[in-house]
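Biologist: I am new to this structure, and I would like to learn how its features are read, one at a time. Could we go through them slowly?

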Amino acid sequence: MEYVILNNGVKIPKLGFGVYQISKEECERCVMDAIKVGYRHIDTAQSYFNEEEVGNAIVNCGVAREELFITTKIWISNYGYEKAKESVLKSLKKLKLDYIDLVLLHQPFGDYYGAYHALEELYEEGKIRAIGVSNFSPDRLADIAAFNKIVPQINQIEVNPFNQQEIAHENMLKRNIQIEAWAPFGEGKNNMFSNSILMEIGKKYNKSVAQIILRWLMQRNVVALAKSTHIERMKENFEIFDFNLSKEDMEKISKLDSGKSLFFNHQTPETVDMMVKFMINREGKI
């Protein structure tokens, strides 16, 4: 495993296992399998509705708590100081933990300032080892870093070969905030797994396209979250620490960048409308 050191001195594994869209029925087994394979960094969220199952796996996996790095995220409906603080304490209970390694604000909408103040307080109380945000554009990240007591340790955003986030990455480097990738495979959109350049590079190293993408992220010093419900695929995604891509191959991948999201742009009013609709449909309220 490779690691990075966050701006507060906390060490985080560069490769993590994400549980987005893994059902409650499968989640405990998947996390147990991932830990068995060697993953020590597990990423969940309040909005994934599987924190309890992740907690069950943590309790039953047989690995010492201090060897694991656990992340969760506060959902928009829990923003605001009081609600955010209460929601993190609930997440602690669901995860069956005394502390959480990293807590992020999931989206840059609503009263995220109040929620961030709650994270700062919980951080100072020792309930959280690191705090950060997710899906924050460069301007919003600069804002929250400049006008709060604690600079975020991480910003988790979409990063993959077709949306490489160079401007966002440069902004984070400037502010000593670690970049973390969700959807490193873009959920296979734009035929990513059959892309001729990625397949050609994979053949050169006798590696899969997924392994090439994860290795590319590791060499860019991007923390990445890989997800699968199949243990053989988990093993494959984990086997990326025995080779390095050449400078030429890194440059070939850099040319795949479209500069556009494969999902949605968090800076548009349409995305705000989508989030509001999503919250009303799922929770009956904003």
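**Reading the buried side of a helix**

Modeller: In helix α9 (residues 231-238), the buried residues are M234, N237 and F238. Buried means under 20% relative accessible area, exposed means over 50%, and partly exposed lies in between, with a 1.4 Å probe and protein chains only; helices (H or I, at least four residues) and strands (E, at least two) are DSSP runs, numbered from the N terminus. The model is predicted, so local features need pLDDT of at least 70 and side-chain atom pairs count only at pLDDT 80 or more, whereas totals for chains, interfaces and linings use all residues. Residues are numbered from 1 along each chain as its sequence is written, and side-chain values use heavy atoms, with hydrogens and water left out.

Biologist: How should I read a pair of aromatic rings?

Modeller: Such a pair is described by the distance of the centres and the angle of the planes. Rings of Phe, Tyr and Trp (its six-membered ring) pair if their centres lie within 6.5 Å, and planes under 30 degrees apart count as stacked, over 60 as edge-to-face and the rest as tilted. By this rule there are 9 aromatic pairs. The rings of Y20 and Y48 have centres 5.2 Å apart and planes at 50°, so this pair is tilted. Because Y20 lies in the loop between β3 (15-18) and α1 (24-37), and Y48 in the loop between β4 (41-43) and α2 (51-60), the pair ties together parts that are 28 residues apart in sequence.

Biologist: Are Y20 and Y48 buried or exposed?

Modeller: Y20 is partly exposed, at a relative accessible area of 41%, while Y48 is buried, at 15%.

Biologist: And what is meant by a nonpolar core?

Modeller: In soluble globular proteins, nonpolar side chains tend to be buried together. A nonpolar core is a set of buried Ala, Val, Leu, Ile, Met, Phe, Trp, Tyr and Cys residues joined through side-chain atoms within 4.5 Å. Here the largest core has 83 residues, and F17 and L105 have the most contacts inside it; α8 gives the most to this core, with 8 residues. A second, separate core of 10 residues includes L6, V10, L102 and I154.
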